[in-house]
Amino acid sequence: MQSKNSSNGNRGTGKTPNPELLTPNLVHTPVLLHEAVDLLAPRPGGVYVDGTLGAGGHAEELLNRSGPDGVLIGMDQDAEAVARSRERLAQYGARAIIRQANYRDIAAIIEESGYSSVDGVLLDLGMSWFHLKTPDRGFSFMLDGPLDMRMDMNGPQTAADLVNNLPFSELARIIREYGEEKRAGAIARAIDKARARGPITSTAQLADIISSVFPPFPPRRIHPATLTFQALRIAVNDELGALREGLDSIMELLKPGGRVAIISFHSLEDRMVKQTFVHAAKGCICPPKMPVCACGKKPSFKILTKHPVVAGPEELEKNPASRSAKLRAAEKI
Ligand SMILES: C[S@@+](CC[C@H](N)C(=O)[O-])C[C@H]1O[C@@H](n2cnc3c(N)ncnc32)[C@H](O)[C@@H]1O
């Protein structure tokens, strides 16, 4: 499906970051920074991958702690994030290999960089602070902008495409499943009614349509559009599909003793990570009735986080974005 936002200027190229956005007030504060890097236990000379560079905070810490010869292969599907990280990590020279790529293609990027396996991989999922604070990108219901939400500006579909073209039932499913929104049906109906009058093109317009479904009293703890915007962002960027493919590759690419750490912000993502780790840490999976094991499966990973690591009170106070973060890690046997 093609974007209808023809007023996007150069944003369709995915190549030319806007220099005005490279400003400190849009810097993303890394979530669970020390906890995640401690779990990866970087060693001097190791090869580490950050699949979601963002502003490069976790990547920088990995470089600092794997010096002086450690290598960091970093990727982000967003051209802005890549530009910011290149600038931030320039001081590390050839130790930092940075690519614009989706981490679902992590195997190809690692191979292209000259490696066949790595010592550690970090994913810090979701969107970055600068996505939210840049109205032009269309992620925020607080700042009016085109209804876009693509992290990769070459991506095939915008949020406007979904909102204006998906059948009612599919729209309701996305809002219910990815947003865990109890009023998904009513919201999808309100969108359906509104789009019959003309296309929905801006974040403010969509936020108003969603808000109309909620009674004004009692006031809600979160903005009425929060969960629907989250659901659309997940669908636009196929975030769960990328995680499924990325996780499978990561589990293969790690060296024995190599570690994976994943920070997720959504229960569906956390469940996928947890189930993948549990499956990898399990031995025989034959039905209990089998007298002897026929599957031959041996544990290939050790889980390092029995329960997910969450932000402590100090981080929660400084960075409310850490509220729903869950960190899990595992080590290849
Ligand atoms: C929460 S931020 C990462 C912040 C980063 N750890 C830091 O310290 O600044 C998530 C980043 O992941 C990127 N991203 C999300 N899904 C991705 C994917 N499938 N492939 C590559 N990058 C992705 C987003 O564009 C965003 O920049």
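Glu269 is buried (under 20% relative accessible area; exposed is over 50%, partly exposed in between, with a 1.4 Å probe and protein chains only), yet has no salt bridge. A salt bridge here is a side-chain nitrogen of Lys or Arg within 4 Å of a carboxyl oxygen of Asp or Glu. Lys and Arg count as positive, Asp and Glu as negative; His and the chain ends are not counted.

This is a predicted model: local features need pLDDT of at least 70, side-chain atom pairs count only at pLDDT 80 or more, and totals for chains, interfaces and linings use all residues. Residues are numbered from 1 along each chain as its sequence is written, and side-chain values use heavy atoms, without hydrogens and water.

Glu269 sits in helix 12 (residues 267–281). Helices (H or I, at least four residues) and strands (E, at least two) are DSSP runs, numbered from the N terminus. Leaving aside neighbours within four places in sequence, Glu269 is in contact with Leu125, Glu239, Leu240, Leu243 and Ser264. Contact means heavy atoms within 4.5 Å.

The whole structure holds 18 salt bridges. Among them are these:

| Pair | N to O distance |
|---|---|
| Glu245 and Arg104 | 3.1 Å |
| Glu177 and Arg173 | 2.9 Å |
| Asp270 and Arg328 | 2.7 Å |

Asp270 is in helix 12 and Arg328 in strand 7 (residues 326–332), 58 residues apart. Asp270 is buried at 9% relative accessibility. Arg328 is buried too, at 7%. Glu177 and Arg173 both lie in helix 7, four residues apart. Glu177 is partly exposed at 37%.
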